[in-house]
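Look at the sequence and the structure first.

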Number of protein chains: 2
Amino acid sequence: MAAEFGDYVRKCREKKRAQSADFSLRKLAQRVGIEPSYLSKVERGQESPPSEATISSLAKELDEDPDVLLALAGKVSSDLQKIIRKRPKLFAQLIREMKNMPNHAVVRVVREVRDGDW
Amino acid sequence: MAAEFGDYVRKCREKKRAQSADFSLRKLAQRVGIEPSYLSKVERGQESPPSEATISSLAKELDEDPDVLLALAGKVSSDLQKIIRKRPKLFAQLIREMKNMPNHAVVRVVREVRDGDW
DNA sequence: TGTAGTGTTTAGTATATACTACACATATGG
DNA sequence: CCATATGTGTAGTATATACTAAACACTACA
């Protein structure tokens, strides 16, 4: 249980809380649709991260990138998985080949894909 | 339970079996490390697909692409997930942008990534 | 005719996932 | 002082995952 997810969520929440009282553990939990005790344990890494749906809801409330939160939770968004599963060979090859590429190179590929007339 | 996974595995096994008697359900199950009854049910789609480890072992024995088998099982290889999770924003963007690209375009990107001097 | 091998049926299990429900302790403001 | 809100501790739950174990029925062949 890396607890990294919990730490991050707690930090985000406390940042939000500095500006709005709507971000107490209890209130956030309610909006997300889980019990406060559960959120408490999750934030302290005492429980493993919640489901994808709950993480997405959490991300939305906290104005965070769902993919990042999911990553911290050791997951990959199911919609991405679905895309990959439609062309497993191609995507597997592509992703594995990009594994060790430096960040700026990946950015360049992303841009090319976005702008190119594929 | 799409059963597509099971159907495919059974076909692969029967193809192999036409050439070698080592591909009876029982023998394959033994090499893979599961009970024959379980493999039987999986092949007929009566049970949901097995774990990633078991699928990989199955793929190896059947000379099939693990990524393809995993895809049929509704999964994405954990090593790919790990790569994505290291740079969730970049990969998420890239994959989503490639979602609707025609096959040949994806192939081209893969080639460029492989050959380019990124 | 029996025994070896085939796939299948039925019943059950251990572990993980994703939580809930309720009670408790502390602090804070009116 | 007490009502309210805060976070936390303890115990328990439903469902899914990933299987095992043992027995059954059929076929082949020696």
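The text below covers the DNA surface, then the interface between the chains.

This is a predicted model: local features need pLDDT of at least 70, side-chain atom pairs count only at pLDDT 80 or more, and totals for chains, interfaces and linings use all residues. Residues are numbered from 1 along each chain as its sequence is written, chains are lettered from A and ligands numbered from 1 in the order in which they are written, and side-chain values use heavy atoms, with hydrogens and water left out.

**The DNA surface**

There are 23 residues around DNA strand C. A residue is near the strand if one of its heavy atoms lies within 4 Å of it. B:R10, B:L25, B:R26, B:S37 and B:R44 come nearest.

| Residue | Part of the residue | Distance to a phosphate oxygen of DNA strand C |
|---|---|---|
| A:K75 | polar side-chain atom | 3.2 Å |
| B:L25 | backbone N or O atom | 2.7 Å |
| B:S40 | side-chain N or O atom | 2.9 Å |

Which helix gives the most to this surface? Helix 3 of chain B does, with four residues. Helices here are DSSP runs (H or I, at least four residues), numbered from the N terminus.

The surface near DNA strand C divides into five nonpolar, eight polar and 10 charged residues. Ala, Val, Leu, Ile, Met, Phe, Trp, Tyr, Cys and Pro count as nonpolar, Asp, Glu, Lys and Arg as charged, and the others, Gly among them, as polar.

**Where the chains meet**

In chain B, 42 residues are in contact with 41 residues of chain A. Contact means heavy atoms within 4.5 Å. About 4100 Å² is buried between the two chains, and carbon and sulfur atoms give 71% of that area. Buried area is the accessible area (1.4 Å probe) that two parts lose on being put together, summed over both.

How many salt bridges are there between chain B and chain A? The count is four. A salt bridge is a side-chain nitrogen of Lys or Arg within 4 Å of a carboxyl oxygen of Asp or Glu. A:R96 forms one with B:D79, and their closest N and O atoms are 2.9 Å apart.

Notes. Polar contact = N/O pair within 3.5 Å; in protein donor to acceptor, adjacent residues only side chain to side chain. Helix = DSSP H or I, 4+ residues; strand = E, 2+ residues; numbered from the N terminus.
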